[in-house]
Every structure is written in structure tokens, then in C-alpha cells.
Amino acid sequence: MQTALYIHIPFCVRKCAYCDFLSGPASAEEQEKYLTSLLEEIRLTGRSLQKDWKEKIEVTSIFIGGGTPSLPDAIWIKKILDMVREQFVLLPDAEITMEMNPGTVTAEKITVYRTAGINRLSIGLQSTDNAELKQLGRIHTWETFLHTWDMVRAAGFQNVNI
């Protein structure tokens, strides 16, 4: 059996007024509790599905959304994808997408995402106009986005949506 996974990381620097998703600010301790529980949920779900289907489930795509999945330490993305690989069969051509926001990433984080297996990034820009970005409550500017774009391309990402 094949499936696709959506993994929700609900944390944000602050809640944008236009956002209808389950998301918001959280302390490092709250993030760790959630992410530790998420790892356990992936483990239990994988085992349960294996028991029901008598084999590991093949994963054709993963979408890591939020919130701002690029807000927590990047090692959590690696841990999440490692747990998926332990519990499921991640197909070699699976598209693994992660949302990220300018202002929450560094070149080091982007490198971790790439080595962890992320092969598609979805960068939340919303506008190229700094006044509009401010009005929307975004934490970044157009210039921050351009810097993020340069880091993403330098890390070798070819599959990017904005």
C-alpha cells in the first residue's frame, strides 16, 4: 500500500492575522515536548499500519507544514525523517517538501534539511513589498527573502516554490 504523509509543525515566531492554521508561538520546552510526541506518534502509526497491512507502507510524498517548520532546530527535521524511514518505506523518488519562512533559516539549517532528504522547499513570501509584508505581520522583508533565496540555491535546491 502507498500513502502520502502530512506532518504538522505548529510553531511560529508570532501568529499572522490572516492565518487560519493551527499555529502560534511556543517556548523551546513546548516545542521539544510536541516534537518528541510527534516522533512517538510516527513510530506508533507506522507499527500499527504494519500490523494491519502485514508490511511496511510505502510513502510517495511527505509535506512538512505549519506553522513554521523552519523555526525549531533543524535537527528535529532530521529526526522526523529518520523516524519515517524506520517505520515506513520511503520511495527513492518521493517528493519531500518542507515549508519555510524567510527570517527563520540559516545556511546551516538549509544544509541540514538537504542532507536529511528534503528535496523541495516552499518559501512563504506573501509579497515583495515591504510595507505589505509589515501590514501582514510577516517577520521578514523582501531583502531577507532574497538572502534566503540565495542560501537555498547555494545549498543546491532546484525544486522550490514561493
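Colleague: How do you know that the coordinates call for some care?

Modeller: This is a predicted model, and local features are reported at pLDDT of at least 70.

Colleague: Why are helices H2 and H3 called roughly parallel to each other?

Modeller: Two packed helices are described by the angle between their axes and the distance between the axes. The axes of H2 (residues 75-87) and H3 (residues 107-116) cross at roughly 5 degrees and come within 9 Å. Angles under 35 degrees count as roughly parallel, and H2 with H3 therefore falls in that class.

Colleague: What places the buried residues of H3 on the same side of the helix?

Modeller: The buried residues in H3 are Lys109, Ile110, Tyr113 and Ala116. They cover an arc of only 125 degrees around the axis, so they lie on the same side of H3. Their packing partners are H2, strand E3 (89-100) and helix H5 (142-154). Glu108 and Thr115 are exposed, on the face of H3 turned away from its buried side. Just after H3, Gly117 has a positive phi of about 115 degrees.

Colleague: How many aromatic pairs does the structure hold, and what makes the pair of Tyr6 and Phe63 stacked?

Modeller: There are four aromatic pairs in the structure. The ring centres of Tyr6 and Phe63 are 6.1 Å apart and their planes stand at 15 degrees, so the pair is stacked; the limits are 6.5 Å for the centres and under 30 degrees for the planes. Because Tyr6 belongs to strand E1 (residues 2-9) and Phe63 to strand E2 (residues 58-66), the pair ties together parts that are 57 residues apart in sequence.

Colleague: Why do Tyr6 and Phe63 receive their accessibility labels?

Modeller: Buried means under 20% relative accessible area and exposed means over 50%, with partly exposed in between. Tyr6 has 48% relative accessibility and therefore counts as partly exposed. Phe63, with a relative accessible area of 26%, is likewise partly exposed.

Colleague: On what values is the pair of Phe145 and Trp149 called stacked?

Modeller: The centres of the Phe145 and Trp149 rings lie 6.4 Å apart and their planes are at 25 degrees, so this pair is stacked. Both Phe145 and Trp149 are in helix H5, four residues apart, about one turn of the helix. Phe145 has a relative accessible area of 5% and is therefore buried, whereas Trp149 is partly exposed at 27% relative accessibility. Ring pairs also link Trp142, Phe145 and Trp149 into a cluster.

Colleague: Why is Ile139 described as partly exposed, and which residues does Ile139 touch?

Modeller: The relative accessible area of Ile139 is 35%, so Ile139 is partly exposed. Ile139 is located in the loop between helix H4 (130-136) and H5. Leaving out residues up to four places away in sequence, Ile139 touches Val13, Arg14, Pro102, Gly103 and Thr104. The C-alpha atoms of Ile139 and Thr104 are separated by 8.8 Å, although these residues are 35 residues apart along the chain.

Colleague: What makes Lys54 and Gln126 worth a remark on the backbone?

Modeller: Most residues other than glycine have a negative phi, and most peptide bonds are trans. Lys54 has a positive phi, near 65 degrees, and is situated in the loop between helix H1 (28-53) and E2. At 71% relative accessibility, Lys54 counts as exposed. Gln126 also has a positive phi, near 70 degrees, in the loop between strand E4 (120-123) and H4. Its relative accessible area of 46% makes Gln126 partly exposed.

Colleague: Where is there a cis peptide bond?

Modeller: The peptide bond from Gly66 to Gly67 is cis, with omega near 25 degrees. Gly67 lies in the loop between E2 and H2.

How values were computed
Residues numbered from 1 in each chain as written. Predicted model: local features only at pLDDT ≥ 70, side-chain atom pairs only at ≥ 80, totals over all residues. Heavy atoms only, no water. Axes fitted to C-alpha atoms, helices over the stretch in contact; angles between N-to-C directions. Helix = DSSP H or I, 4+ residues; strand = E, 2+ residues; numbered from the N terminus. Parallel < 35°, antiparallel > 145°, perpendicular 65-115°, else oblique. Buried < 20%, exposed > 50% of the residue type's maximum accessible area, 1.4 Å probe, protein only. Arc of directions from axis to C-beta. Contact = heavy atoms within 4.5 Å. Phe/Tyr/Trp six-rings, centres within 6.5 Å; stacked < 30°, edge-to-face > 60°.
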